[in-house]
Amino acid sequence: MVVRLSEIEDILVVKGEMDTERFLEAGDSELKAATPVSYELTVRKFDDSVTIEGPVTLDAVLECSRCLDEFTVPLSLNMAVKLAPKSKLSHSPEMELHSDDLDVYYYEGDEIDLDPFIYDEIMLNIPVRPLCREECKGICPRCGKNMNSDPCNCHEAPSSLLGEKLKSFLN
Ligand SMILES: [Zn+2]
Ligand SMILES: [Zn+2]
């Protein structure tokens, strides 16, 4: 969704959906979503800076860090970013440091494409080591089987076999 600053009085509420395909096609995305990302963002203009705030929700498809299965998890986050004109960047580098709790980005010209900001916020909020469930059993290090669905038998045997070998070695 692109907003034109010249068309914003003071405040503009943009509600819509974003398809993550666009970012997948760009080739640098790891974001998979089961549903389009929906958002309701309030864009405010103060002098020459712009804030974008509001809820963003999606059903993210994540890969479990233990068993590598894909699972879907609803994510909802509250976006809050502040944009300063790029021309200010060279004049006041300290701006970045005093930005209350908002993340500061820069814009150029009259048009702001909201999608990359929404995308960034989602990526920042995706768990680093997602788990399909708290008690996920993961993958058997020996046979590579997903132990959530079907526990394998190679648990006891090889380790006791190793124990036997070790015993005979020690004797
Ligand atoms: Zn898992
Ligand atoms: Zn196994």
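Which residue in β5 does Val43 stand opposite? Val43 stands opposite Ile52 in β5. The text below leads up to that pair from the protein as a whole.

This is a predicted model, in which local features need pLDDT of at least 70 and side-chain atom pairs count only at pLDDT 80 or more, while totals for chains, interfaces and linings use all residues. Residues are numbered from 1 along each chain as its sequence is written, and chains are lettered from A and ligands numbered from 1 in the order in which they are written.

The protein has three helices and eight strands; helices (H or I, at least four residues) and strands (E, at least two) are DSSP runs, numbered from the N terminus. Along the sequence their order is β-β-α-β-β-β-β-β-β-α-α. Of the 171 residues, 12% count as buried. A residue is buried if 20 or more other C-beta atoms lie within 10 Å of its own, exposed if 12 or fewer, and partly exposed in between, with C-beta atoms placed from the backbone. Among contacts with a separation of 6 or more, 53% come from residues 24 or more positions apart; two residues are in contact if their C-beta atoms, placed from the backbone, lie within 7 Å.

Strand pairing comes next. Two strands pair if DSSP finds at least two bridges between them. Strand β2 (residues 11–18) pairs with β4 (residues 37–46) in the antiparallel sense, over eight bridges. On its other pairing, β4 is joined to β5 (residues 49–63) by seven bridges, and these strands also run antiparallel. β4 and β5 form a hairpin with two residues between them, and Asp47 in the turn has a positive phi of about 50°.

Met18 belongs to β2 and stands opposite Val37 in β4. Met18 counts as buried because 20 other C-beta atoms lie within 10 Å. Leaving aside residues up to four places away in sequence, Met18 touches Pro36, Val37, Tyr39, Asp115 and Ile118. Met18 and Leu114 are 96 residues apart along the chain, and their C-alpha atoms are separated by 9.7 Å.

Ile8 lies in the loop between β1 (2–4) and β2. Is Ile8 buried or partly exposed? Ile8 is partly exposed, because it has 15 other C-beta atoms within 10 Å. Not counting residues up to four places away in sequence, Ile8 touches Val3, Val43 and Lys45.
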